[in-house]
Amino acid sequence: MNNKLLFTVEDKPPFSLGLLLAAQHLLAALGGIIAVPLVIGNVLHLPTPDTIVLVNAALLISGVVTIIQCLGVGPIGIRLPSVMGTSFTFVAAALAIGFSQDGVAGILGASLVGSLVMIVGSFFMPSIRKLFPPVVTGTVVTMIGLSLIPVAVDWFAGGQRGEPQYATPENLTMALFVLALVVILVQWGKGIFSAAAIVIGMLAGYCVALALGWVSFEGVKQAQVFALPQPLHFGLAFPISGIIGMSIAYLVTIVESSGNFLALGNATKTEITGDHLRRGVLCDGMGSALAAIMSTTPFSSFSQNIGVISLTGVASRYVVAMTGGLLVLAGLFPVFGALIVSIPLPVLGGAGLMMFAMIIAAGIQMLDKVERTKRNGLIIAISIGCGLAVTTRPEILDKLPSFFKEIFGSGITVGSLLALILNLVLPQEKE
């Protein structure tokens, strides 16, 4: 763990170094940003051109909203290094609407109206901030890291459980090679080698994968070189049940984003105030409204990128604003995004496992400062236990109404809500 930041929030590294550091954040976020539109496109059996519209818009608007979140525009934007991207929290609600007669137009209309929940909710964030004492914050940050580990493990193993190539010795060797290289560079590298450890490790892994013939350029060949965004490509429809489902998902996202911003504060050594949360959540809401108009799904802050900051000690908001610029380019030049997507999963997994584990380490360090009482022990144990139950065995919710699955489908949400509620309900211990 970098106790000393190489670049603080307000530092501006030289352009060439900044670009390299921005590329690290791009590599960490890109898979997550395109995953949601790809899932929605595939499950709803959209024609390939329509799925491409969803993906390109997701990349382009992620970039725009990331820049606003980092640099700020008036009252909008947390002004910290936060990468914004499409959120899995909305997938269940989106698919439920998508299968109805309203289709994608219903998804985008419901997410446009639902974004008002986040925009209005942002003005109450100073009051909500008081609900996050250190025991809650530390629990939420730890849960964010823990819930990301299964994702990293699947990358590490090279696919999804049950696939023939899952966890082959070759995949594990490649992932371990990248992991070992990142650890060596972070621990013993100097200057740029330490700061850019993730991108160097992944580049080395990519070169080895290329030599072994693991890299497929099929997607790159098929990708358009240049594509303009297509506002209202699918139109807008406003199904009432869809708007309710999306509004609930937005409420859940407020809790998740608050947790992410608190984790970000810990990684960047910034004290997060209610005002920070208000500006950050307002940017989330406005960004999601813009996403609906520009033909893609809603946004939230990305927890994986907090791991990049924790691991490298690069907390400059200007670096992550450059990541936003790269995302805009990826949206306008789909061939650029296709090249990033060609990175084999084990190469991503070697770096990903390390990044996400660093978030767990940050959460544990926060909890280490919390007073050791029976009450605090209960809050931590129950919240993390139930959050992990949903993360590791999502089928535990299968026989419940879809409403419950929508709200409690994320381990981060379950852990965060339980920590918040238990902190309010359990009586304080007398001195």
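In this predicted model, V335 is in contact with V220, A223, Q224 and V225, leaving aside its neighbours within four places in sequence. V335 lies in helix 15. The residue is partly exposed, because its relative accessible area of 26% falls between the limits of 20% for buried and 50% for exposed. I382 lies elsewhere: 47 residues separate it from V335 along the chain, and the C-alpha atoms of the two are 46 Å apart.

V225, a contact of V335, also belongs to a nonpolar patch on the surface. F333 sits in the loop that links helix 14 (317-332) to helix 15 (334-341). Its relative accessibility is 32%, so F333 is classed as partly exposed.

The protein chain as a whole contains 19 helices and two strands. Its radius of gyration is 20 Å, close to the 22 Å from the globule rule for 431 residues; the chain is therefore as compact as a globular protein of that length. The C-alpha trace spans about 65 × 55 × 45 Å along its principal axes.

Of the 431 residues, 58% count as buried. Among contacts in the chain with a separation of 6 or more, 83% are between residues 24 or more positions apart. The accessible surface of the chain is about 17800 Å². Carbon and sulfur atoms account for 69% of that surface.

Technical notes
Residues are numbered from 1 along each chain as its sequence is written. This is a predicted model: local features need pLDDT of at least 70, side-chain atom pairs count only at pLDDT 80 or more; totals for chains, interfaces and linings use all residues. Side-chain values use heavy atoms; hydrogens and water are left out. Patches are made of residues with over 30% relative accessible area and no salt bridge: like charges are joined within 9 Å, nonpolar side chains (Val, Leu, Ile, Met, Phe, Trp, Tyr) within 5 Å. Accessible areas come from the Shrake-Rupley method with a 1.4 Å probe; for residues, only the protein chains shown count as cover. A salt bridge is a side-chain nitrogen of Lys or Arg within 4 Å of a carboxyl oxygen of Asp or Glu. Helices (H or I, at least four residues) and strands (E, at least two) are DSSP runs, numbered from the N terminus. Buried means under 20% relative accessible area, exposed over 50%, partly exposed in between (1.4 Å probe, protein chains only). The radius of gyration is taken over C-alpha atoms; the globule rule is 2.2 Å times the number of residues to the power 0.38. Contact means heavy atoms within 4.5 Å.
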